[in-house]
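Hi,

Here is the structure I promised to pass on.

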Amino acid sequence: MTIRGLRRLSKTCVGLGLAAAALVLPQMPAQAAGDLLVAPTRIILDGQRGTEIILNNIGAETATYRISMELRRMTAEGRLTDVSAEEANELERAAKEMIRYAPRRVTLPPNQPQAIRLGVRAPKDLPDGEYRVHLLFRAVPKARSVVDQVQQEDGFSIALTPIYGVTIPVIIRQGELKATAAIANARIEQGEEGPAFVFDLSRTGNRSTYGEIRVKKQGQDEPLLMVRGVAVYPEINQRKVSLQVPAEVVAQLKGPLSIEYYEPRNIGGGLITKTDLVLR
């Protein structure tokens, strides 16, 4: 998609709101936080080529954003936790040393896209494997931007300024890497936010898996539950997947079901794994 096309698209996004903004880029998935739109939301590179990331300010005011590189690890619950420089292992340090990007700070007028150039400098003796960093795009708050004030008894006030950010993974794959996945132990759990459909998603191989989960009643085409962007990164072999269940769907999750895990549609949408079960 061209920069001119993104300009036209951003005007549509402003009218439809952030919830719709991620739906109008089927070939270039986007993620929004505050007034910042980022596309794509996941990048896979080999050890030689680079790419671009498009930032777009879909707000009504000029905004400044800072771009930084972070290390994060996935837990068995599927959460990503920060990794400090002291805690980084050999793979994580190598990933951080290979990635180059510019600029690192941008100021965007409303509806103005900006390309961030992303490159890789892989050493000749780089071992086969998957290397990953996360890029954080964070709004730099204006000194005058005060969203709320809490008046104190002694006359002082506290200014509360939200700082929005978007994080995307950047993955470098070296060599011929493969992975398979499996689904097991499906159940309904009661949580603080209500019932959840929960199962274990395992991975074997030397790279991550990533895709879309569809929970269907056997014999029906339309899924009862669906979620995109489900990953299992190489640092874990298994994670818990938890899908919130609307009240009107709970009763339908009884009996014969199928759980399907598909690759993203923009890379073919192939089936990664599927399991059939009977939930009582």
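**A strand on the inside**

Strand β4 (residues 51-57) has 5 of its 7 residues buried, so the rest of the structure largely encloses it. Buried here means under 20% relative accessible area, with a 1.4 Å probe and protein chains only. Helices (H or I, at least four residues) and strands (E, at least two) are DSSP runs, numbered from the N terminus.

Before I go on: this is a predicted model, where local features need pLDDT of at least 70, side-chain atom pairs count only at pLDDT 80 or more, and totals for chains, interfaces and linings use all residues. Residues are numbered from 1 along each chain as its sequence is written, and side-chain values use heavy atoms, leaving out hydrogens and water.

Back to β4. Strand β2 (residues 36-39) runs antiparallel to β4, with 4 bridges between them, and Leu37 sits opposite Asn56. β4 also pairs with strand β10 (residues 112-120), again antiparallel, over 7 bridges; there Ile53 faces Ile116. (Pairing takes at least two DSSP bridges between two strands.)

**The open sheet**

Then there's an open sheet of 5 strands with mixed pairing, in the order β3-β14-β11-β5-β9. β3 (43-45) and β9 (105-108) are the edges: each has a single partner strand, so one side of each lacks a neighbour in the sheet. Inside this sheet, β11 (residues 129-140) and β14 (residues 165-174) run antiparallel, joined by 10 bridges, with Val133 opposite Val170.

Enjoy exploring!

Terms used. Buried < 20%, exposed > 50% of the residue type's maximum accessible area, 1.4 Å probe, protein only.
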